[in-house]
Structures are given as structure tokens and as C-alpha cells.
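I am opening my notebook on a new chain.

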Amino acid sequence: TVVSTQSTVGNLDRGFVEDRKKALQVYLDVVLQNTLLSGTLDVKKFLDPSHYDDNFEEEALRQTSMLLRAEPHWKMLEPLKNIGHRIKRSFFLVNCETEVVGKQILSWVEFKVS
């Protein structure tokens with residue numbers, strides 16, 4: 001059912017709010033049943049924001065850049081967005097000047113020791 005914007009903004013009627021909650025739950029159930037959608041970082045951030053913060057990709061780029069600075073023949077070409085399906089794993093296109101293979105993909109995942 002499509003509801004006009006005028007009736008949804010500021011409408012605190014208990015019945016209306018309850019109907020919207022139920023509709024949202026149905027929508028979330030459909031999204032979570034789809035493995036492609038449920039595994040995306042956006043969905044994970046929405047459902048569990050404390051474990052999927054926004055600076056994860058920046059941290060991955062910082063860590064891999066530091067690693068490659070220690071290896072003079074390796075060069076970071078670019079971060080690869082939307083590749084793979086693993087949450088909290090980043091991929092980068094890298095190149096080694098001494099290898100004939102050419103461009104390669106570097107995978108980075110955070111590792112914490114308890």
C-alpha cells in the first residue's frame with residue numbers, strides 16, 4: 001500500500017505507527033532473505049552500526065599503504081570497490097615492478113588478537 005508523504009510525516013497515531021512497524025519488519029525480512037542484499041556492508045551497518053563503522057575502508061587503505069611502503073617494488077594502484085562478498089574485507093589493485101605478471105589483487109582483512 002502506498003501512503004502519501006503528507007499523512008506519514010508527524011503522524012503519531014498508534015494504529016498508523018503500528019502498521020508502519022509491521023510493514024518495515026516485512027521489508028527487512030524480505031531484504032534479509034536475499035543473500036546478495038543481506039551480505040552487503042550497508043545492510044550490516046544499518047542492523048549493527050557499532051560493529052560496522054564508517055572508517056573501516058579508510059583503515060584498510062591506511063594499513064595496506066603502510067605495508068606496501070615497506071616493499072619498494074610494490075605499488076598501490078587503487079582500492080577496488082564492490083568486489084567480493086565478505087564483510088570487513090577490502091581489495092586493492094597492486095603492481096610489482098619486478099614481476100612479469102602485471103597487476104594483481106591484494107586482499108586485506110582486519111585481524112585482532114584477543
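First, a cut-off I need: a residue counts as buried when its relative accessible area is under 20%, and as exposed when that area is over 50%. Partly exposed lies in between. I also note that this is a predicted model.

**Entry: the whole chain**

I looked up the elements. The chain has five helices and three strands. I read their order from the N terminus as α-α-α-α-α-β-β-β. Next I checked burial: of the 114 residues, 16% count as buried. The accessible surface comes to about 9,300 Å². Carbon and sulfur atoms hold 55% of that surface.

**Entry: threonine 64**

I found threonine 64 in helix α5, which covers residues 56-69. Is threonine 64 buried or exposed? Its relative accessibility is 2%, and the limit is under 20%, so threonine 64 counts as buried. I followed its side chain next. It reaches the backbone oxygen of leucine 61 at 3.2 Å. Which residues does threonine 64 contact, apart from neighbours within four places in sequence? I listed Met76, Phe92, Leu106 and Trp108.

**Entry: the strand pair**

I looked up β2, residues 89-96, and β3, residues 103-109. In which sense do they pair? They are antiparallel, with seven bridges. Phenylalanine 92 stands opposite leucine 106 in β3. Both residues are also on the contact list of threonine 64. I then checked the hairpin of β2 and β3. It has six residues between the strands. Glycine 102 in this hairpin takes a positive phi near 95°.

**Entry: serine 90**

I stayed with strand β2, where serine 90 has its place. Its relative accessibility is 9%, which is why I write serine 90 down as buried. I left aside its neighbours within four places in sequence and noted its contacts. They are Phe56, Ala60, Leu106, Ser107 and Trp108. Leu106 and Trp108 are on the list for threonine 64 too.

**Entry: the surface**

Last, I looked for a nonpolar patch. Which residues make it? I found Leu32, Phe46 and Leu47, with about 300 Å² of patch. Leucine 47 lies in helix α4, residues 41-47. The relative accessible area of leucine 47 is 44%, so I call this residue partly exposed.

How values were computed: Residues numbered from 1 in each chain as written. Predicted model: local features only at pLDDT ≥ 70, side-chain atom pairs only at ≥ 80, totals over all residues. Heavy atoms only, no water. Pairing = 2+ DSSP bridges. Helix = DSSP H or I, 4+ residues; strand = E, 2+ residues; numbered from the N terminus. Buried < 20%, exposed > 50% of the residue type's maximum accessible area, 1.4 Å probe, protein only. Polar contact = N/O pair within 3.5 Å; in protein donor to acceptor, adjacent residues only side chain to side chain. Contact = heavy atoms within 4.5 Å. Areas by Shrake-Rupley, 256 points an atom, 1.4 Å probe, with all protein chains shown as cover. Patch = residues over 30% accessible without salt bridge, like charges linked within 9 Å, V, L, I, M, F, W, Y side chains within 5 Å. Salt bridge = Lys/Arg side-chain N within 4 Å of Asp/Glu carboxyl O.
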